[in-house]
Structure formats: structure tokens, C-alpha cells
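Please read it alongside the coordinates.

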Amino acid sequence: MTETVREPALTPAAEPQAPVIEVRGLRKLYGEAVALHAVDLEVRRGEVFALLGPNGAGKTTMVEILEGFRGHDGGTVRVLGTDPWKAPEQWRARVGVVLQSTSEFEDMTVAEVVREFGRYYPDARDPDELIELVGLTAHRGKRTSKLSGGQQRRMDVALGIIGRPELLFLDEPTTGFDPKSRRDFWHLIRQLVAGGTTIMLTTHYLEEAEFLADRVAVIVDGRILETGIPETLGGRDHETATVSWIGPDGPQSLRTTSPTRVIADLHDRFAGEAPGLTVSRPSLEDVYLEMIGAASAGTEAS
């Protein structure tokens with residue numbers, strides 16, 4: 001297991017810690033079923049914040065409340081200083097939501113769709129500049145039905161940011177992407193952050209969260225288990241390292257808090273490089289799976 005090296009956060013200088021999203025004691029009920037249990041959450045201006053959790057954990061409910069598409073039954077919610085459920089039209093122009101599909105525009109070209117969407121915003125981006133930003137200049141005359149999966153998702157992002165939103169919601173943005181397309185998309189997201197956009201991300205790809213997110217929160221059964229930076233979530237920075245190598249009798253490994261010393265001992269033992277030498281700590285995925293597994297076991301026990 002190798003750790004993902006995440007690019008440094010590109011946070012705008014202006015008000016870097018100003019909260020964009022403030023949630024306190026949030027509750028949501030569906031009949032007698034509790035979807036969200038007194039959730040507290042804060043997203044700071046200029047960061048990428050990833051909400052992680054298994055299916056049915058409450059991610060979609062949470063995001064729909066933050067987007068203003070669903071009301072809540074308890075607690076307080078402030079997005080850009082306003083309760084989203086009661087937000088005026090001007091507020092909605094400050095928030096971008098990436099659509100899951102633009103299939104209703106499949107007979108229109110990329111340029112036509114972008115220009116059409118731009119008409120609905122008071123300060124829309126220049127269509128040609130936006131198409132270039134998302135890497136679709138070579139496809140601006142192509143009908144949206146002919147776009148590849150990666151190109152379609154770039155189109156979705158273009159429509160989500162055409163109104164220059166301060167806050168952008170991305171829900172599973174790279175599902176179905178091949179590895180190269182996913183990496184290309186990640187760099188587009190970092191460009192948006194560098195331009196001042198705050199991003200709320202949900203994803204099942206833990207490598208994606210580790211690469212993009214400044215902070216992550218893990219939600220299980222409608223409760224936030226922990227919030228923190230990817231490098232320290234679940235105490236992974238304090239976990240012991242595993243040193244592995246190939247010895248005379250085959251693969252061997254040792255868990256240790258002093259990997260450098262073990263490597264030095266192996267160097268002496270093998271009079272040089274130890275065959276197959278690797279050093280690893282738990283990945284974000286390892287920690288995440290352990291957290292949700294423990295939470296699920298606790299729920300079953302109660």
C-alpha cells in the first residue's frame with residue numbers, strides 16, 4: 001500500500017477560514033426513520049471538503065439540504081450565510097450544482113448548451129473562455145450526445161460553474177472514468193479552487209478524496225464519525241509502519257514505529273539493498289474501511 005501524494009491546497013488569500021457552510025445539530029426524518037442525527041459540520045472558504053460514507057449513510061440527504069432542495073427537521077443550516085431552504089433567487093446564483101446528466105440537450109452542441117445556460121445568470125462566464133477552461137475547445141461544435149464519458153463530465157462542470165459560483169457541489173464527479181480521465185479531471189478541480197471556488201465533494205474513490213480534499217468527514221448511519229485532514233484521519237499518522245522484504249524463506253514483513261532503524265538493519269543483513277523492500281502506512285482507504293466497519297459493528301451490537 002502506497003500513500004497518495006496530494007497537491008498542496010490552493011487556497012485564496014482572502015478570508016481563508018471564513019465558513020461557507022455551517023451546520024449545527026442538523027436532523028432529518030423520513031417518517032419515523034432518522035436520516036441525520038444532530039450533525040455538526042463546517043466548510044471553510046476556499047477549501048475542497050469531501051463527505052465520505054457508504055451508500056445509505058446520509059450523504060445525499062445532507063447535500064440536498066445544503067443545496068436547498070430538501071428541508072430539515074431540526075438544527076440550523078447556513079450556506080453562504082443563508083438557510084438554503086428559504087434562500088432567495090440571488091442566493092442560488094452564488095451556488096453551483098454539477099448535474100448528473102445533460103441528456104435533455106443531446107441534440108445541441110457544446111457551445112449551444114453553454115450559451116443557453118449562460119442566459120440564466122446575471123454575471124455568466126464568457127462561453128468560449130469557459131469551454132477552454134474545461135478542456136472542450138476541440139469539441140465545441142460536437143453534439144453533447146457524441147461526447148465521451150470524460151468529456152460529458154467536463155460539460156457538466158462547465159454548466160455548474162458558468163454563473164461563477166462561490167460554492168460548487170460535486171456528487172461522484174468521476175464515476176466511470178478511466179484512470180487518465182480521472183487524473184485530468186482532478187487537475188481541473190484544482191484550477192477551480194485556485195480561482196476561488198469552494199467545493200463540497202462526495203465520492204466513493206478514496207484516492208480521489210486524498211488527492212483533492214483539504215479536509216474530509218466520514219458519515220455512517222446519519223452521524224459524522226470524524227472530520228479532519230486526510231493525512232491524520234483516524235489517527236493514521238500515528239499508526240505503525242509495515243516494512244516488507246523478501247528473505248531467504250520468502251516474503252517477510254514487520255510492523256514497527258521505527259522503520260528507519262529496521263531498514264538500516266536490513267541493509268547490514270543483506271550487505272546492501274534488501275530485495276523487494278517496501279515501507280507503508282495505512283492508506284486513507286484502510287482507515288476509512290476500519291472506521292465504517294467499527295461503526296457498523298457497534299450499531300449491530302446495540
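1. A hairpin of two residues connects strand 10 to strand 11, where strands, like helices, are DSSP runs numbered from the N terminus (E, at least two residues, for strands; H or I, at least four, for helices). Strand 10 (residues 241-247) and strand 11 (residues 250-256) run antiparallel and are paired over seven bridges, pairing being assigned if DSSP finds at least two bridges between two strands. Within this pair, Ile246 lies opposite Pro251 of strand 11.

2. As for provenance, this is a predicted model, in which local features need pLDDT of at least 70 and side-chain atom pairs count only at pLDDT 80 or more, while totals for chains, interfaces and linings use all residues. Residues are numbered from 1 along each chain as its sequence is written, and side-chain values use heavy atoms, with hydrogens and water left out.

3. Strand 10 also pairs with strand 12 (residues 278-280), again in the antiparallel sense, over three bridges, and Val243 has Val279 of strand 12 as its bridge partner. Because five of its seven residues are buried, strand 10 is largely enclosed by the rest of the structure; buried here means under 20% relative accessible area, against over 50% for exposed and in between for partly exposed (1.4 Å probe, protein chains only).

4. The largest pocket has a volume of about 410 Å³, and of the 17 residues that line it, Arg92, Val95, Gly96, Val97 and Tyr121 are the closest to its centre. A pocket is an open set of points on a 1 Å grid over the protein atoms alone where a 1.4 Å probe fits, with protein on both sides within 12 Å along at least five of seven lines, and lining residues have an atom within 4 Å of a point. Points are joined across faces, edges and corners, and the volume is the space filled by probe spheres set on them.

5. Helix 2 (89-92), strand 5 (95-97) and helix 5 (149-161) each give two or more residues to the lining of the largest pocket, with the largest share, four residues, coming from helix 2. By class, this lining divides into eleven nonpolar, three polar and three charged residues (nonpolar: Ala, Val, Leu, Ile, Met, Phe, Trp, Tyr, Cys and Pro; charged: Asp, Glu, Lys and Arg; polar: the others, Gly among them).

6. For the second largest pocket the volume is about 350 Å³, and Lys59, Thr60, Val63, Glu64 and Asp171 are the closest to its centre among its 21 lining residues. Helix 1 (59-67) and strand 6 (167-171) each supply at least two lining residues, the largest share, six residues, being that of helix 1. The lining of the second largest pocket comprises eight nonpolar, eight polar and five charged residues.
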